[in-house]
Amino acid sequence: MLSIQDNYEYITEQISNLHTITTYSLQLESKPLQFETIDKDKPYIISDGKYEMQIIFIGDKSNHTYDYLTFYFPEEKMLYQGDLLFIPEKGEMKKLSKRETSCYNVVKNHKLKVDTVLQAWPVNAYNIKWKIPFSELEQIVKSFENK
């Protein structure tokens, strides 16, 4: 697993590389890199004082990658995640993967009030839902626990 320092060095190297096909603003006017880390034990909150988004690091608890982030929008009661849910658009779930369980656990472990979970990928492909009511995810997880 990469450390914070490894990530910093990699990103710094990528930013400092010249882009010869199309230049970009940092190449024309260099600025120091601002680097923030997300604590694995508590959400990182971005707010303008009225509206809030929480970035939740779940890492390898995602059962997918070591550096997995989810995004919680309390006002909308919505969780946005990349690719943990593979709930069919039509028909029923044949198998529950550890990814679905990990998404469910993010909500439960962080005591989030979630009505809807949005899936970033694969959108409009593979007969997979991209917008899932949390109640449906909960029902699916519980039905497989009883099998």
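This is a predicted model: local features need pLDDT of at least 70, side-chain atom pairs count only at pLDDT 80 or more; totals for chains, interfaces and linings use all residues.
**Notebook: strands, salt bridges and a core**

Residues are numbered from 1 along each chain as its sequence is written, and side-chain values use heavy atoms, with hydrogens and water left out.

**Entry 1: strands**

I looked up the pairing of strand E3 (residues 69–73) with strand E4 (residues 78–81), and found it antiparallel, over three bridges. For the terms, strands (E, at least two residues) and helices (H or I, at least four) are DSSP runs numbered from the N terminus, and two strands pair if DSSP finds at least two bridges between them. Four residues lie between E3 and E4 in this hairpin, and Lys77 in the turn has a positive phi of about 55 degrees.

Next I followed E4 to strand E5 (residues 116–119), which pairs with E4 in the parallel sense over four bridges. Gln81 has Gln119 in E5 as its bridge partner. Between E4 and E5 the chain passes through helix H3 (residues 98–109), and I noted this β-α-β crossover as right-handed. That word applies if, with the strands pointing away from the viewer, the path from the first strand over the helix to the second runs clockwise.

**Entry 2: salt bridges**

How many salt bridges does a search of the whole structure find? It finds three, each counted as a side-chain nitrogen of Lys or Arg within 4 Å of a carboxyl oxygen of Asp or Glu.

I took Lys108 and Glu138 to begin with; their closest N and O atoms are 3.1 Å apart. This pair links distant parts of the chain, with Lys108 in helix H3 and Glu138 in helix H4 (residues 134–145), 30 residues apart. Glu138 also forms a salt bridge with Lys142, at 3.9 Å between the closest N and O atoms. Because Lys142 and Glu138 are four residues apart in helix H4, about one helical turn separates them. Shared partners join Lys108, Glu138 and Lys142 into one network.

The side chains of Lys129 and Glu136 meet in a salt bridge as well, at 2.7 Å from N to O. I checked the cover of Lys129: it is buried, with a relative accessible area of 14%. Buried means under 20% relative accessible area, exposed over 50%, and partly exposed in between (1.4 Å probe, protein chains only). Lys108 is partly exposed, at 38%.

**Entry 3: the core**

I then turned to the largest nonpolar core, which has 22 residues. Such a core is a set of buried Ala, Val, Leu, Ile, Met, Phe, Trp, Tyr and Cys residues joined through side-chain atoms within 4.5 Å. Among the residues with the most contacts inside it are Leu79, Cys103, Val117 and Phe134. H3 and H4 are the elements that give two or more residues to this core, and H4 gives the largest share, five residues.

Which peptide bond is cis? I found the one from Trp121 to Pro122, with omega near -5 degrees. Pro122 lies in the loop between E5 and strand E6 (131–133). Asn127 is found in the loop between E5 and E6 too, and has a positive phi of about 60 degrees although it is not a glycine. Lys111, in the loop between H3 and E5, has a positive phi near 55 degrees and counts as exposed at 73% relative accessibility.
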